[in-house]
Structure formats: C-alpha cells, structure tokens
Amino acid sequence: MKIVVLDAKTLGDTPFDKLQKYGEVKIYERTAKEERKERIKEANIILTNKVIVDREVMEGNENIKLIGVLATGYNNVDIEYCKEHNIGVVNVAGYSTESVTQICIGLLMELTNKISKFDQYVKSGRYSSSGIFTCVGGEYDIHEISNKKWCIVGLGSIGKNVARVAKGLGAKVYYYSTTGKHEDPEIERVSFEEMIKTSDIITIHCPLTDKTKGMFNYKVFQEMKKM
C-alpha cells in the first residue's frame, strides 16, 4: 500500500509516523498545482488538507483507492469523479467543533463589541487623555446579542454547538437547513427568505457544495436587515 501526504506543513507538527504500519509513506510539506499528478501517480491512498484533488489530476490513475481529507470540509475533492470510479473519500468530522465554535463567537464579539477599536483607542492614549475615561457614540456603539434573532445555517455538529452558545447569550435562535436533513425539536426552522429578512445575526456552518456556493450573493446581502 502506497500512501502520500500532499501538504503536511498545513498541519503543523502533526506526526505521521503511525502511518508507516499501513504501507509505504511519502510525505510532502506542500504540493503545487503542477506537482499533483506526478506525486499521486502511484498512490493508493491520498491524504490532503488543502491541495485540490480534482478530475484533471486523477484522470487515468487506477491506483487510487481512498482519499482522506485532513479537515471537515471536502470541497477540494471531486466527489463525483470518486463516485464514478469507486474511490472512497473520508474526512475528519467533528474534530474541531469546539474550536470552530469559539472562533465563530470571537469574530461575532469583534463585530458587536468593537473590541479592536476600543483596544486601539486605549493604546493611542485617547482614553486616558479624554478627561472622562470613556468613548461613546458613532463607531464605538456596541450591539447586545441578547434578544437578537440569530439564524444558524447548517445544523450539523458545529451548527448545533454554536446554537447552544447563542442560547446561552440570550439570543433567539432559529435555523435554516441547506439539505433538509437536519431536524431539531428545540430550534425553530425557517425558510431562506424569512432568515434573510428577519435575522439580526446569521452564522454559516454548512459545507461548500454546488448547492451552497453563491448562496449569499450581492442581492441577498442587499435584502438583509441592517443593525
């Protein structure tokens, strides 16, 4: 069994030594677009994080049996080609649920609480020299999350975890399902149109697919509520 890792550097110091017991392993720190075909030509198993493995690079290669995506999203692999040629595709579902949730909440807090703006204001000396030790109004206005309508797009493991935290912050939580497969009796499901017109906060946790690509375009942003 021949195993190739195409972009080990994207995983930091992750050790790959345990792969040795499964076969001959070749590890590349990074792989350029023009290097892909040559590097996978003898591989039975391809492991990739961000390198695109598409029809063009797999065409004519009968050695590939399995592609492992070292992440949750798998939009960098041509799933249709793999189905046509009986190539298995697996990802690492659920490995980052807590950390992605934390990043999502952190980014939202930056938008609602203007944390970096206040940080810059204090470091500039304007806070201490203002005479009132505060800054209010205009670009420094903050928005409370409590009682805001927060819509979760994609109610998988990450979406559900974000919903849990959102409820803890006092938001009114709803969800929109891009596939129609996920149901939750504790969260109200809304249509795409209702989500766009009534939500104060929208966070997106669905995979990038042909169906979801371009879901939020210029027209949709124009129709959204303004805070």
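A compact globule of 227 residues would have a radius of gyration near 17 Å, whereas this chain has 23 Å. That radius is taken over C-alpha atoms, and the globule rule is 2.2 Å times the number of residues to the power 0.38. Along the principal axes, the C-alpha atoms fill a box of roughly 70 × 45 × 30 Å.

A word on the basis of these values: this is a predicted model, where local features need pLDDT of at least 70 and side-chain atom pairs count only at pLDDT 80 or more, while totals for chains, interfaces and linings use all residues. Residues are numbered from 1 along each chain as its sequence is written, and side-chain values use heavy atoms, leaving out hydrogens and water.

**Overall layout**

The chain has nine helices and nine strands. These are DSSP runs numbered from the N terminus, with helices (H or I) of at least four residues and strands (E) of at least two. The domain assignment gives domain 1 (2-91) and domain 2 (98-109 + 144-223); such bounds come from an automatic or database domain assignment. Between the C-alpha centres of domain 1 and domain 2 there are 31 Å.

Two strands pair if DSSP finds at least two bridges between them. Axes here are lines fitted to C-alpha atoms, for helices over the stretch in contact, and angles run from 0 to 180 degrees between N-to-C directions.

| Strand pair | Bridges | Residue pair |
|---|---|---|
| S1 (residues 2-5) and S2 | four, parallel | Val4 and Lys26 |
| S3 (residues 45-48) and S4 (residues 66-69) | four, parallel | Ile45 and Leu66 |
| S4 and S5 | three, parallel | Ile67 and Val89 |

**The four-stranded sheet**

Another open sheet has four strands in the order S8-S7-S6-S9, again with parallel pairing. Its edges are strand S8 (188-189) and strand S9 (201-204), each pairing on one side only. Helix H7 (residues 157-168) packs on this sheet and touches S6, S7 and S9; the direction of H7 makes about 170° with that of S6. Contact means heavy atoms within 4.5 Å.

**Helices H4 and H5**

How do the helices H4 and H5 cross? The axes of H4 (residues 97-113) and H5 (residues 115-123) come within 6 Å and cross at roughly 60°. H4 and H5 are therefore oblique to each other; angles under 35 degrees count as roughly parallel, over 145 as roughly antiparallel, 65 to 115 as roughly perpendicular and the rest as oblique. On the H4 side, Met109, Glu110 and Asn113 meet Ile115, Ser116 and Phe118 of H5. The residues of this contact divide into three nonpolar, two polar and one charged. Here Ala, Val, Leu, Ile, Met, Phe, Trp, Tyr, Cys and Pro count as nonpolar, Asp, Glu, Lys and Arg as charged, and the others, Gly among them, as polar.
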